[in-house]
Amino acid sequence: MKTLACYSIKGGVGKTASSVNLAYLAAQAGYRTLLIDLDSQGASSFYFRVRPSKKNWGKRFFKTYEQLLKQIKASDFEHLDIIPAHESFRHFDALLSDQGKRELRLKRVLKGLKKEYDLIVLDCPPTLSYLSEAVFHAANMIVVPVIPTTLSERTYEQLQDFFGKHGLPTKMIYPFFSMVQRQKQLHKSTIERMQDDTPRLLDTLIPFSTDIEKMGEHRSPVSCFAARSAGGQAYEELWQEISRKLKKL
Amino acid sequence: MTAHSRWLIKDSESTELLLEQYRHKFNLEPMQIRHETLSFYDDFEWHLWRKNQLLASNNQGLVLRVDNSLLSFFDREKPPVFAKDFDNPQLREALQKLTKGRRLFPMAELEVEFCQYAVRNKDLKKVCDLNVILTGYGTMVELKALRGYDKEYRQCLNIVLNGEPNELEHHIFLNSLKLLGIHPSDYTARPKFKLAPELDTCDAIALIAQKLWHNVRSNEEGIIRDWDIQFLHQYRVALRRMRALFSQMKQSLGKEESQWFKTHLAELARPTNRLRDLDVYLKSEENYLSLIPHSFHEGLQKLFKDLSRERHQEQKKLAAELRSPEYRSKISLLESHLALCPKSPTKKGHKPVLKLAARQIISRYNAISMDALEITDTSPDEQVHEVRLGCKKLRYLLEFFADLFPKQQIRLLLKALKQLQDNLGEFNDLSVQRESLEQYLEQNKVAPDTQAAIHALNGVLYNRQQQERARVRAQLESFLSEDVRQGVESLMPKPTAPETKTGRLSV
């Protein structure tokens with residue numbers, strides 16, 4: 001079982017769209033996949049029309065994996081299950097701050113799922129926190145969507161600094177460009193500059209596309225309702241690139 | 001919990017009513033509705049049907065498999081002929097194992113309608129899968145739960161249960177085929193003789209012979225049309241068993257009648273020898289190629305091309321023989337004799353079969369034991385060969401008379417015998433294969449690369465033969481063990497101490 005985290009310090013960079021599409025494509029490729037929506041805003045659950053349970057179960061999240069099993073819901077697609085976000089996930093940081101070995105809690109609880117799943121995809125909230133630290137410890141690979149602007153570039157650097165300070169291996173971070181608009185000069189020059197000096201930058205560019213925006217309307221992955229569109233194809237390429245790397249891990 | 005259940009609904013009106021109830025409570029979205037005319041396939045021995053399996057094709061690329069009750073679909077597959085031709089590796093392997101390489105024939109047709117629905121909640125999230133299959137002989141309703149939607153599954157379940165449907169033991173396809181009057185043929189490669197223990201031995205022999213004769217005749221058409229190589233094989237096996245029967249039970253039937261059958265049955269078998277040999281060689285092509293280095297492959301492939309040409313000729317010749325008036329008259333002569341058998345049984349022939357069969361089996365085992373004791377690691381091959389023939393005879397006896405004895409006793413003996421026979425058989429096969437390769441070299445003008453390949457192959461086969469030979473002694477030891485011997489002795493119905501009579505068991 002491999003764990004893939006989709007993470008960014010900055011919000012609104014296409015993180016949820018990426019988690020949803022990557023999880024969908026992995027399942028299509030035959031990986032038994034579980035998408036865990038850690039973001040209490042719950043957008044990725046929304047895309048799969050899955051509602052969280054009414055019970056306030058967030059406080060039991062890190063206890064045992066059996067707690068997680070109870071919350072798993074099948075998506076409409078074969079091989080793809082989801083743990084939808086719950087409002088109570090907002091308190092994860094407070095919850096973790098009280099616990100010893102908090103950075104390893106998530107990793108331990110996910111271990112119990114390895115019989116049932118080949119791949120866990122974590123959709124993470126856009127913060128640097130105890131939760132994200134736990135995510136970094138649990139993941140085998142962290143993909144980071146970056147909008148090619150100066151500001152996004154800076155937040156990506158912040159992430160690397162954080163890894164450095166906490167003794168985490170930066171070699172598990174794989175950035176890729178998201179919401180790219182080639183006609184914008186700023187995007188073009190940022191891409192060219194970063195392509196030269198960013199290690200492990202993935203080749204695929206995810207374009208800014210109306211199809212991806214329409215995911216909210218269709219409430220399903222773009223790769224499902226418009227696989228042939230520019231957005232759909234870009235995600236397919238991104239998945240191919242990531243799956244090759246995952247296999248080598 | 002992932003629950004899954006299926007029911008039978010007999011008329012289409014109640015099916016409509018059921019769907020209506022679903023629409024009332026949920027969003028029912030038809031995902032796929034298709035009509036198909038399905039041809040169902042099985043082999044000559046109905047291997048699939050007998051194992052609760054069905055194989056169907058719409059003859060337009062779709063293949064369906066029912067494994068007990070589980071239905072799976074395979075796209076882009078040609079209509080079935082041989083299991084080895086399927087593209088999907090899972091389907092191919094499973095069916096190859098089941099059909100044992102036999103040809104698949106269409107055996108029935110059904111008109112089928114498949115309806116797949118997604119049962120959705122108010123968010124339009126799928127909460128349950130509902131499959132409805134209509135065949136004209138009934139409707140099967142199948143409900144599949146989705147993880148995390150147990151409550152909705154229970155609601156869906158109640159909708160079905162309220163209609164009081166029938167439980168469905170098998171898949172609707174199997175039910176429908178049975179209603180259509182389809183049932184497997186009575187042919188089986190290993191017929192059961194179901195002898196009563198008190199039956200006169202001579203009558204038992206006649207009964208066994210008739211059943212085996214049925215197998216001989218049943219395979220003729222398949223040989224003539226060359227459907228698959230098993231037809232010839234089973235034809236020959238049935239003939240060989242009959243000959244073994246007449247030769248081993250001649251004291252009961254009378255020497256003259258037994259001899260007559262033996263001669264005439266051998267006459268039927270003789271023209272089939274070469275074709276069977278060729279079938280066996282051609283079947284081992286892949287194995288042979290895997291035994292020698294790649295550089296020899298081309299040379300060996302030439303040999304196989306040659307053999308396959310010869311097989312084509314030989315098959316034509318045999319088909320013509322089986323169609324000839326001469327063959328027909330041989331058959332009717334044999335059948336008239338079989339109808340009158342036993343003509344003049346001996347005094348022994350009127351004894352109950354159980355006792356005589358037991359005695360025969362015990363004395364055969366003793367005879368093998370005597371021969372086997374003399375075999376060492378250096379005994380000549382001919383001596384090993386003798387033991388192999390003895391084992392074969394014992395095997396036939398056990399097969400003829402198995403139902404007379406408690407299953408467990410026979411099973412123990414059969415198992416011990418099989419291990420020994422596998423070893424001796426392999427040893428003999430390798431020696432026959434080597435001989436025939438050498439013969440081929442002598443009798444044909446062989447290209448140098450083919451010569452080289454044959455020599456290489458012969459070397460490997462020789463090594464294998466030596467390995468098998470080295471195992472013979474140990475195999476014999478376990479066959480002669482106390483367990484097996486006691487098992488054999490216990491076949492005798494009354495404690496009349498066969499040991500003292502034969503005087504050999506105490507060796």
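**Salt bridges, interface and helix packing**

Author: Over all chains, the structure holds 35 salt bridges, where a salt bridge is a side-chain nitrogen of Lys or Arg within 4 Å of a carboxyl oxygen of Asp or Glu. Before going on: this is a predicted model, so local features need pLDDT of at least 70 and side-chain atom pairs count only at pLDDT 80 or more, while totals for chains, interfaces and linings use all residues. Residues are numbered from 1 along each chain as its sequence is written, chains are lettered from A and ligands numbered from 1 in the order in which they are written, and side-chain values use heavy atoms, with hydrogens and water left out.

Reader: OK. How many salt bridges go across the interface of chain B and chain A?

Author: The rule finds five there. In one of them, Arg51(A) meets Asp123(B) at 2.2 Å, N to O. By class, the side of chain B that touches chain A has three nonpolar, one polar and five charged residues. For the classes, Ala, Val, Leu, Ile, Met, Phe, Trp, Tyr, Cys and Pro count as nonpolar, Asp, Glu, Lys and Arg as charged, and the others, Gly among them, as polar.

Reader: And how much area do chain B and chain A bury between them?

Author: About 1,000 Å², with 34% of it on carbon and sulfur atoms. Buried area here is the accessible area (1.4 Å probe) that two parts lose on being put together, summed over both. Asp123(B), Lys125(B) and Arg147(B) supply 64% of the area that chain B buries against chain A, more than any other three residues.

Reader: Which residue counts go with the contact?

Author: Nine residues from chain B and 14 residues from chain A, with contact meaning heavy atoms within 4.5 Å.

Reader: Switching topic: at what angle do α8 and α16 of chain B pack?

Author: Helix α8 (residues 229–248) and helix α16 (residues 381–401) of chain B pack at about 95°, with their axes 10 Å apart. That makes α8(B) roughly perpendicular to α16(B), a label for angles of 65 to 115 degrees; under 35 is roughly parallel, over 145 roughly antiparallel and the rest oblique. Axes are lines fitted to C-alpha atoms, for helices over the stretch in contact, and angles run from 0 to 180 degrees between N-to-C directions. Helices (H or I, at least four residues) and strands (E, at least two) are DSSP runs, numbered from the N terminus.

Reader: What about α13 and α18 of chain B?

Author: Helix α13 (residues 297–323) and helix α18 (residues 448–479) of chain B also pack at about 95°, with axes 7 Å apart. On the α13(B) side are Gly299(B), Leu300(B), Lys302(B) and Leu303(B), which meet residues of α18(B) including Ala453(B), Ile454(B) and Leu457(B).

Reader: Back to salt bridges. Which side chain does Arg311(B) meet?

Author: Asp226(B), at 2.9 Å, N to O. Asp226(B) lies in the loop between α7 (220–225) and α8 of chain B and Arg311(B) in helix α13, so the pair ties together parts that are 85 residues apart in sequence.

Reader: Last one: where's the cis peptide bond?

Author: Between Cys341(B) and Pro342(B), with omega about 0°. Pro342(B) is found in the loop between α14 (325–340) and α15 (353–373) of chain B.
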